[in-house]
Amino acid sequence: MRGFFFTLFGNIICNINIFFIKFKQTLNLLVMISVKPRKGNLLIAEPTITGDISFNRSVVLLADHNEDGSVGFILNKPLRYTLHDLIPEIAAGFKIYNGGPIEQDNLYFIHNIPQLISGSIEIAEGIYWGGNFEETKNLINQGKVTRNNIRFFLGYSGWDAQQLQNEVECHSWIISENDLRNKIIGKSSTDFWKEKIKQQGGDYLIWSNAPENPIYN
């Protein structure tokens, strides 16, 4: 009889644990669905994105987001080019980053000096997109702009209407506030993804130390 009660008690505890695990999973899903991307957010690639060369371990600044779609720039994928390589008349070796898979023949830039570059579009938190490029070239050549003020990209990342929200709900992206604000312009790309993943805590701490290619694990 005692064995029967121990077995029954064990089954009850097991069922309670299963209930709480499922409840937590459901709650996490509801939280994920309720989180909506906003202009100025950071998109952190989930560790499970391994087959996408562009977005694997990427951190994307969401430059625009509305009912028609979304635009962003990958912040942590430097290319082998410098600004001088692409535009010889600019005497500066600023790094060029892979902004995303769309229009990779075009050069884009973000900055935090709208008072110097006219025609800029504010993204959020003192971060601006584009502006008068002739002014920008002159400012760089005059030494009035540093790497902490501006970042250049080839291409951008884009999503159609509802596409990004669908990807978030499918656990492709983690939405994060940009706690660096306009200082993110000069943020080193080295280990940036790992830093943001560590901030998520929990099981993400394991992924932050995992090799980029799982076959090397």
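Leaving aside its neighbours within four places in sequence, Ser208 is in contact with Lys194, Ile197 and Lys198, where contact means heavy atoms within 4.5 Å. The model is a predicted one, in which local features need pLDDT of at least 70 and side-chain atom pairs count only at pLDDT 80 or more, while totals for chains, interfaces and linings use all residues. Residues are numbered from 1 along each chain as its sequence is written, and side-chain values use heavy atoms, with hydrogens and water left out.

- Ser208 belongs to helix H6, which covers residues 204–208; helices (H or I, at least four residues) and strands (E, at least two) are DSSP runs, numbered from the N terminus.
- With a relative accessible area of 1%, Ser208 is buried, a word that stands for under 20% relative accessible area, whereas exposed means over 50% and partly exposed lies in between (1.4 Å probe, protein chains only).
- A polar atom of the Ser208 side chain lies 2.6 Å from the backbone oxygen of Leu205.

**The protein as a whole**

- Six helices and 10 strands are found in the protein, and buried residues make up 39% of its 217 residues.
- The protein exposes about 12,600 Å², of which carbon and sulfur atoms supply 55%; accessible areas come from the Shrake-Rupley method with a 1.4 Å probe, and for residues only the protein chains shown count as cover.
- Of the contacts between residues at least 6 apart in sequence, 63% join residues at least 24 apart.

**Nonpolar cores**

- The largest nonpolar core has 34 residues, and those with the most contacts inside it are Leu43, Leu75, Ile110, Trp159 and Trp173; such a core is a set of buried Ala, Val, Leu, Ile, Met, Phe, Trp, Tyr and Cys residues joined through side-chain atoms within 4.5 Å.
- Strand S2 (residues 59–66) gives this core its largest share, five residues.
- Another core, of 15 residues, lies apart from it and has Ile90, Ala92, Phe94 and Val145 among its members.
- Once neighbours within four places in sequence are left aside, the residues in contact with Trp159 include Leu43, Phe55, Val60, Leu62, Leu164 and Trp173, as well as Gly69, Ser70, Val71 and Gly72.

**Strand S3 and its partners**

- Six of the six residues of strand S3 (residues 69–74) are buried, with Gly69, Val71 and Phe73 on one side and Ser70, Gly72 and Ile74 on the other, so that both faces are covered.
- S2 and S3 pair in the antiparallel sense over six bridges, where pairing requires that DSSP finds at least two bridges between two strands.
- A hairpin through two residues joins S2 to S3, and Asp64 stands opposite Val71 in S3.
- S3 and strand S9 (residues 150–160) run antiparallel and are joined by four bridges, with Gly69 standing opposite Asp160 in S9.

- Leu61, placed in strand S2, counts as buried at 0% relative accessibility.
- Although Leu61 and Ile184 are 123 residues apart in sequence, their C-alpha atoms are 9.4 Å apart in space.
- Beyond its neighbours within four places in sequence, Leu61 is in contact with residues including Gly40, Leu42, Val71, Phe73, Leu75, Ile110 and Ile127.
- Trp129 lies in strand S8 (residues 127–129), and Trp129 and Ala63, 66 residues apart in sequence, are 7.6 Å apart in space, C-alpha to C-alpha.
- With neighbours within four places in sequence again left aside, Trp129 is in contact with Ala63, Asp64, Val71 and Phe73, among others including Tyr108, Phe109 and Ile110.

Notes. Polar contact = N/O pair within 3.5 Å; in protein donor to acceptor, adjacent residues only side chain to side chain.
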